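Dear colleague,

My findings follow directly after it.

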Amino acid sequence: MGCFAKGCLTVLILGFLCLAGVLGTSWYVFHKLASNNLISDAPMPVQLQQPTEAQYQEADTSFTKLKSAAHERREETVSFTAADLNALLARNSDFRDLSGHARVEIANSTMTISLSAPLDSFLWSSKKRRWFNGIVRFTGGYENGEFNINVESASGGDYDVPDYILSRVNRNLSQVISDNTDDWRDEVGVDLRRIKRISIEGDKLVVTTKAQ
């Protein structure tokens, strides 16, 4: 069940892979992003401050509580601060695929993720591996089988993604994520059938599991 709980964060990050994929559908946009280091031939390490033992234990306790609720098929609401999520990213083995590739900030019901992710894992088809290196800020979440995600800004290198592209992405992003959840479950163990709600509230990511 470790993959299930990891998916609560991963399913949001996957939206950014979708974002990069949509941005890259235009050759001009792809060239522009590549020249400004948003889409790159190599990853850029994302630095994380190592948590103290007390910080990690607090985060791991919440994480274990979430996994137990999913395993026992009971409803439970668990909150994670950005510090909790970053502690898990830094030390928890269930998050090893994301370690060094993501850092989270949460404030004013908005999540900001500094991200370096391979594009060919889900949405990019290319003989040469490409990476999305940038910062994405978004609001929204997931409830009753539906995503409602709004990307407020995206940037990388010297390039800020213009509003007209973000508007286009936001019109399709939630639907694209929903349409690919089965594929993502196979790839990373994300099983949304066990999740009732994911929301960003104040300075926390709040996850509620399903009773059945």
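Please note that the model is predicted. The chain has a mean pLDDT of 76, with 70% of its residues at 70 or more. Confidence is highest in strand β2 (residues 77-81), with a mean of 93, and lowest in helix α1 (residues 2-23), with a mean of 48. Residues 1-8 have a pLDDT below 50, although the model gives this stretch 29 contacts beyond near neighbours in sequence. For residues 186-190, pLDDT also stays under 50, and the model has 15 contacts beyond four places in sequence.

Turning to the aromatic rings, two aromatic pairs were counted. In the tilted pair of F63 and F95, the centres are 5.3 Å apart and the planes lie at 55°. F63 is in helix α3 (residues 53-71) and F95 in the loop between α4 (82-91) and β3 (102-107), so this pair ties together parts that are 32 residues apart in sequence. F63 is buried, with a relative accessible area of 1%, and F95 is buried as well, at 2%. Y142 and F147 also form a tilted pair, with ring centres 4.8 Å apart and planes at 55°. Y142 is buried at 6% relative accessible area, and F147 is buried at 7%.

Finally, the charged end of R91 is placed over the ring of Y56, at 4.2 Å from the ring centre.

Yours sincerely

Notes. Residues are numbered from 1 along each chain as its sequence is written. This is a predicted model: local features need pLDDT of at least 70, side-chain atom pairs count only at pLDDT 80 or more; totals for chains, interfaces and linings use all residues. Side-chain values use heavy atoms; hydrogens and water are left out. pLDDT is the predictor's confidence in each residue, from 0 to 100. Helices (H or I, at least four residues) and strands (E, at least two) are DSSP runs, numbered from the N terminus. Contact means heavy atoms within 4.5 Å. Rings of Phe, Tyr and Trp (its six-membered ring) pair if their centres lie within 6.5 Å; planes under 30 degrees apart count as stacked, over 60 as edge-to-face and the rest as tilted. Buried means under 20% relative accessible area, exposed over 50%, partly exposed in between (1.4 Å probe, protein chains only). A charge sits over a ring if NZ of Lys or CZ of Arg is within 6 Å of the ring centre and within 35 degrees of the ring normal.
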